[in-house]
Amino acid sequence: MLRLTGVQAGAVRIEARAPAGTLLAWPNPPPLMGLEVTGIETRHIDVLGEAASDFGAQHAWVARVSGPAPSITLRYSEAVTFAPDWAWTPPDVALNRPSTELVALAREITSGLEGQTRVYAIMRHVSSVFHYGHGEGRFTDDALAVPALTCGLTRGSCVDIHTYAVAALHASGIDAAYCAGVFWRDGLTTFEDMHCWIIVGGDTPSVWDISHDLIASRDVAPNFDSVSGRRFPLALGRSVSYSWGGATWQFSHFAKPHVLTPDGGHAFPADTVFTVVSG
């Protein structure tokens with residue numbers, strides 16, 4: 001089994017700030033990166049069922065808040081699975097689809113290369129076109145596909161950087177997936193935001209966090225060595241749709257619980273606190 005820095009068995013409590021009666025979707029993580037969920041505890045929620053997605057066998061729990069500080073605690077055990085087979089074929093939507101220009105660029109970057117050298121070439125390209133930062137707007141806003149980046153530096157968060165990297169890898173014919181989850185720096189046990197990274201398949205599976213490489217000002221490299229901490233995977237993919245009870249909601253990415261409107265027209269992330277509770 002692939003041993004990853006900062007990834008180990010344990011448990012995370014996902015607590016949403018939502019009033020009683022709120023309908024929420026909670027991530028139901030597939031086996032990933034040598035971890036699988038083997039225990040679930042709920043507090044002040046009534047689980048109504050599971051929502052199926054348009055991305056492989058990925059599911060979500062749908063639940064109604066029944067009291068204050070609703071939460072789900074997920075207990076992870078070690079597993080042999082790096083990623084499910086369906087992880088490499090996300091829905092064909094704008095945030096997963098490489099543009100014609102990105103396909104041409106990715107093929108140029110990897111021309112004449114084989115094996116892992118192709119992965120490294122794409123990752124070096126991605127790290128060369130971004131500087132890490134947060135702000136209004138994303139480079140993918142209003143785009144029908146993930147555009148190619150060639151001139152200057154583009155501001156990007158982990159979401160932007162890894163969305164671009166996965167699209168570029170797919171454009172090169174390389175199996176890759178966007179993984180949403182949670183990360184705590186060393187010394188922290190609570191955090192209120194999500195994080196994301198990349199898993200790469202093939203004969204030599206690997207994980208990458210280019211945003212942390214940029215933060216640490218180091219050359220891009222596999223594994224999670226740039227910023228020390230702890231992480232748990234929660235879901236795969238961008239713009240994944242979930243259906244339950246005749247309604248369908250699309251999530252941009254899925255780590256935080258999402259508030260669901262009964263008509264299926266809207267879903268938005270709830271204010272969330274992630275807490276390491278054991279392990």
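Phe 55 and Trp 86 are both buried in this predicted model. Their rings form an edge-to-face aromatic pair, with 5.1 Å from centre to centre and 75° between the planes. A search of the whole structure finds 11 aromatic pairs.

**Aromatic pairs**

- Phe 55 sits in the loop between β4 (45-53) and β5 (59-65), and Trp 86 in the loop between β6 (71-78) and α1, so this pair ties together parts that are 31 residues apart in sequence.
- Trp 197 and Phe 224 also make an edge-to-face pair, because their ring planes stand at 75° with the centres 5.9 Å apart.
- Trp 197 belongs to strand β11 (residues 195-200) and Phe 224 to the loop between α4 (210-215) and β13 (229-236), so the pair ties together parts that are 27 residues apart in sequence.
- Trp 197 and Phe 224 are buried.
- Tyr 76, Trp 184 and Phe 232 are linked by ring pairs into a cluster.

**Packing of α1 and α3**

- Helix α1 (residues 100-110) packs with helix α3 (residues 158-171) at an angle of about 70°, and their axes are 8 Å apart.
- That angle makes α1 roughly perpendicular to α3, because angles of 65 to 115 degrees count as such.
- The crossing of α1 past α3 is right-handed.
- On α1, the contact is made by Leu 102, Val 103, Leu 105, Ala 106 and Arg 107; on α3, by Tyr 164, Ala 167, Ala 168 and Ala 171.
- By class, the residues of this contact are eight nonpolar, no polar and one charged.

Key:
Residues are numbered from 1 along each chain as its sequence is written. This is a predicted model: local features need pLDDT of at least 70, side-chain atom pairs count only at pLDDT 80 or more; totals for chains, interfaces and linings use all residues. Side-chain values use heavy atoms; hydrogens and water are left out. Axes are lines fitted to C-alpha atoms, for helices over the stretch in contact, and angles run from 0 to 180 degrees between N-to-C directions. Helices (H or I, at least four residues) and strands (E, at least two) are DSSP runs, numbered from the N terminus. Angles under 35 degrees count as roughly parallel, over 145 as roughly antiparallel, 65 to 115 as roughly perpendicular and the rest as oblique. A crossing is left-handed if the near helix is turned anticlockwise from the far one by less than a right angle, and right-handed if clockwise. Contact means heavy atoms within 4.5 Å. Ala, Val, Leu, Ile, Met, Phe, Trp, Tyr, Cys and Pro count as nonpolar, Asp, Glu, Lys and Arg as charged, and the others, Gly among them, as polar. Rings of Phe, Tyr and Trp (its six-membered ring) pair if their centres lie within 6.5 Å; planes under 30 degrees apart count as stacked, over 60 as edge-to-face and the rest as tilted. Buried means under 20% relative accessible area, exposed over 50%, partly exposed in between (1.4 Å probe, protein chains only).
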